[in-house]
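I set down each look-up in turn.

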Amino acid sequence: MTQNVQTIPLDELSDDVQLSKQTIVRWIDRHLIDAELDWALSDENEEVRMITLTDDSLDFLRSFAEEYREDVVSRTEARHILKQIDRKKIKKLIRAGDVKDVEVDEETRIVVGSIEDYMRRREGNGEEEEE
């Protein structure tokens, strides 16, 4: 049986699965998702990052993203996801309500979905870092 292959803008996929573009690109680079990235020109003649993947890969990504967003991580792991080195930055994000924390076994853990939401907001404001 032949797989249906589709090419969609990375922005749309990011909105669909509620993950940052940074995370999706990193997962593709690490071969966690069977997909390919490319560039195309929009109708406005702007470069747009495109992703090509099969329906099975897209289904896998959707289910994996849903589980991933529900996960909780330590502050150190949160800094790795955010590519931040400064410990104080995570504390500031928690205090500002930009990321959600929970107590697990008397330890503060960060909800991954809130990290992804924060990164998506940054990407939407043009603050994304190039890979």
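I began just after H1, where Gln18 takes a positive phi of about 60 degrees. The model is predicted, with local features needing pLDDT of at least 70 and side-chain atom pairs pLDDT 80 or more, while totals for chains, interfaces and linings use all residues. Residues are numbered from 1 along each chain as its sequence is written, and side-chain values use heavy atoms, without hydrogens and water.

Helices (H or I, at least four residues) and strands (E, at least two) are DSSP runs, numbered from the N terminus.

I then looked up burial in H1, residues 10–17, and found Leu10, Leu13, Ser14 and Val17 buried; buried means under 20% relative accessible area, exposed over 50%, partly exposed in between (1.4 Å probe, protein chains only). Down the axis of H1 these residues fall within an arc of 105 degrees, so they line one face of the helix; the arc is taken from the directions from the helix axis to the C-beta atoms.

Next I searched the whole structure for aromatic pairs and noted three. Rings of Phe, Tyr and Trp (its six-membered ring) pair if their centres lie within 6.5 Å; planes under 30 degrees apart count as stacked, over 60 as edge-to-face and the rest as tilted.

Trp27 and Tyr68 have ring centres 4.9 Å apart and planes at 80 degrees, so I recorded the pair as edge-to-face. Trp27 lies in helix H2 and Tyr68 in helix H3, 41 residues apart. Both Trp27 and Tyr68 are buried.

Phe60 and Phe64 are stacked, at 5.5 Å centre to centre and 15 degrees between the planes. I noted that Trp27, Phe60, Phe64 and Tyr68 form one aromatic cluster.
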